[in-house]
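This briefing covers the structure shown below, topic by topic. It starts with the ligand and then turns to domains, helices, sheets and backbone details.

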Amino acid sequence: MNKRIDTIIVGLGLAGLAYAEHLLARGKSFVVFSDRSQQASMVAGGLYNPVILKRFTGAWNGAAQLDYALPFYERLEGKLDLKLDYQWPILRRFASIEEQNLWFQASDKPGLQPFLSLKLVENRNKGLSVPYKFGVVEGTGRVATKTLITAYETYLEQQGFWQKESFNYTLLAQDSQGVSYKDWQANSVVFAEGYGLKTNPFFNYLPLEGTKGEVITMKIPGLNEGAIIKSGVFIIPLGEDVYRVGSTYFWRDKTQGPTEAAKTFLLERLERFMTLSYEIVSHVSGVRPTVSDRRPLVGQHPEYKNLFVLNGMGSRGVMTAPTAANALSSYIYDGIALDPEMDVARFLS
Ligand SMILES: Cc1cc2nc3c(=O)[nH]c(=O)nc-3n(C[C@H](O)[C@H](O)[C@H](O)COP(=O)(O)OP(=O)(O)OC[C@H]3O[C@@H](n4cnc5c(N)ncnc54)[C@H](O)[C@@H]3O)c2cc1C
């Protein structure tokens, strides 16, 4: 028996989830196919921060994305009855006086002013070595992405909206009415497979690069740190002496699964400024869907007009996914043009 719905979503990471929420807000019916073959949203540090802390520059559309994303996660907290958003400052550890000067220069720039505090902070944590103070980034925090995805899967499952299986691209048929896939007939398909896009025959022409990242969760008794610390690595407090330390950026290795090399890299950087002993709880990895021009991949297939893509969230999916999902749904249902910087039409010659 055929099931008539509006949309088939492929992928339930931050992108697919944000799109599902936008469909629900519009009263559109859908089904999500997702198989957990990609792990980026499950392992992410979950930080939102509109400042690039290496160079003290603004992330693309960072402030606007944050303005849209924070109420989006707040609504999800209400709907799922869960704590998801931990609004904590990031303390950026300076490695030198020169870095402090760069910070002050950056904090003068209009887009960065609201986020970079002019007051440098002395370290009071005996477990950290911080000779040149911290700069405080305001308006930042962490979304518990694994908690969110897991709860959302359950929510969709209860509604009968989640198919826990791989999407088989060869079974997708298209005609003037829309698309059909197994028992479903739909108006459109939105592909949100993260790095899994590489095996999507319709959109694998897009320049998705992929950057593998690894994080370690550890117990550090006595650290008692309540802020997010950024030095050579991030230390993100999870509560009860547990912290997440990450992340690596590896461009060549796209395999799933953690590596000894990344573990050594993270621990070596951590031990440069964290002096306490620790115990490793877990070590996980995922591939970030990064793009050569560092912009999302959003839009319509050039030939198959019922097929759409929502990808390229890069290393900032928490901030980017809600805005990108909103842009795609506004394009499809309201005819509002996509920002050319995120529109996949930029890759048509
Ligand atoms: C170590 C690490 C740390 C990170 N830290 C942060 C951070 O602090 N802040 C931040 O904002 N971002 C962070 N990111 C980036 C963030 O994780 C990504 O931007 C975001 O998760 C991408 O979401 P996505 O939905 O596009 O892809 P994914 O999360 O990869 O989800 C894709 C989904 O599609 C499914 N799928 C793929 N192919 C198929 C198929 N054929 N059939 C069915 N299902 C399929 C997968 O199973 C998966 O569920 C981090 C990433 C990593 C790896």
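The ligand lies between domain 1 (3-43 + 146-206 + 293-347) and domain 2 (90-138 + 211-288), because both domains give residues to the shell around it. The model is predicted. In the shell around the ligand there are 43 residues, and the closest are Gly11, Gly13, Gly194, Gly196 and Gly317.

**Ligand shell**

- Sorted by class, the shell around the ligand holds 17 nonpolar, 20 polar and six charged residues.
- Two or more shell residues come from each of helix H1 (14-25), helix H2 (40-43), S14, S18 and H7.

**Domains**

- The protein chain is split into domain 1, made of the segments 3-43, 146-206 and 293-347, and domain 2, made of the segments 90-138 and 211-288.
- Taken over C-alpha atoms, the centres of domain 1 and domain 2 are separated by 32 Å.
- Eight residues from domain 1 and seven residues from domain 2 make up the contact between them.
- On the side of domain 1 that touches domain 2, four residues are nonpolar, four are polar and none is charged.

**Helix H3 against helix H7**

- Helix H3 (residues 62-80) and helix H7 (residues 317-334) have axes that come within 8 Å and cross at roughly 85°.
- Angles of 65 to 115 degrees count as roughly perpendicular, and H3 and H7 are therefore roughly perpendicular to each other.
- H3 brings Gly62, Gln65, Leu66, Tyr68, Ala69 and Phe72 to this contact, while H7 brings Val318, Met319, Thr320, Pro322, Thr323 and Asn326.
- The contact of H3 with H7 comprises seven nonpolar, five polar and no charged residues.

- An open sheet of seven strands has the order S8-S7-S15-S16-S17-S14-S18, with mixed pairing.
- Strand S8 (134-137) and strand S18 (279-288) are the edge strands, and each pairs on one side only.
- From one strand to the next, the twist averages 25°.
- Within this sheet, strand S14 (residues 211-219) and strand S17 (residues 242-246) run antiparallel and are joined by five bridges.
- Thr217 has Arg244 of S17 standing opposite.
- Helix H6 (residues 260-271) lies across S14, S17 and S18, and runs at about 55° to S14.

**Three-stranded sheet**

- Three strands form an open sheet in the order S3-S9-S6, with antiparallel pairing.
- Strand S3 (47-48) and strand S6 (85-86) each have a single partner strand, so one side of each is left without a neighbour in the sheet.
- Two bridges link S6 to strand S9 (residues 141-143) in the antiparallel sense.
- Asp85 has Val143 in S9 as its bridge partner.

**Parallel pairing of strand S1**

- Strand S1 (residues 3-10) pairs with S13 in the parallel sense over seven bridges.
- S1 also pairs in the parallel sense with strand S2 (residues 30-33), over four bridges.
- Val10 has a bridge partner in each of these strands: Phe191 in S13 and Phe33 in S2.

**Backbone details**

- The peptide bond that leads from Gly246 to Ser247 is cis, with omega near -5°.
- Ser247 is placed in the loop between S17 and H6.
- Lys182 is not a glycine, yet has a positive phi of about 50°.
- The loop that holds Lys182 runs between strand S12 (178-181) and strand S13 (184-191).

Key. Residues are numbered from 1 along each chain as its sequence is written. This is a predicted model: local features need pLDDT of at least 70, side-chain atom pairs count only at pLDDT 80 or more; totals for chains, interfaces and linings use all residues. Axes are lines fitted to C-alpha atoms, for helices over the stretch in contact, and angles run from 0 to 180 degrees between N-to-C directions. Angles under 35 degrees count as roughly parallel, over 145 as roughly antiparallel, 65 to 115 as roughly perpendicular and the rest as oblique. Two residues are in contact if their C-beta atoms, placed from the backbone, lie within 7 Å. Ala, Val, Leu, Ile, Met, Phe, Trp, Tyr, Cys and Pro count as nonpolar, Asp, Glu, Lys and Arg as charged, and the others, Gly among them, as polar. Two strands pair if DSSP finds at least two bridges between them. Domain bounds come from an automatic or database domain assignment. A residue is near a molecule or strand if its C-beta atom, placed from the backbone, lies within 6 Å of it.
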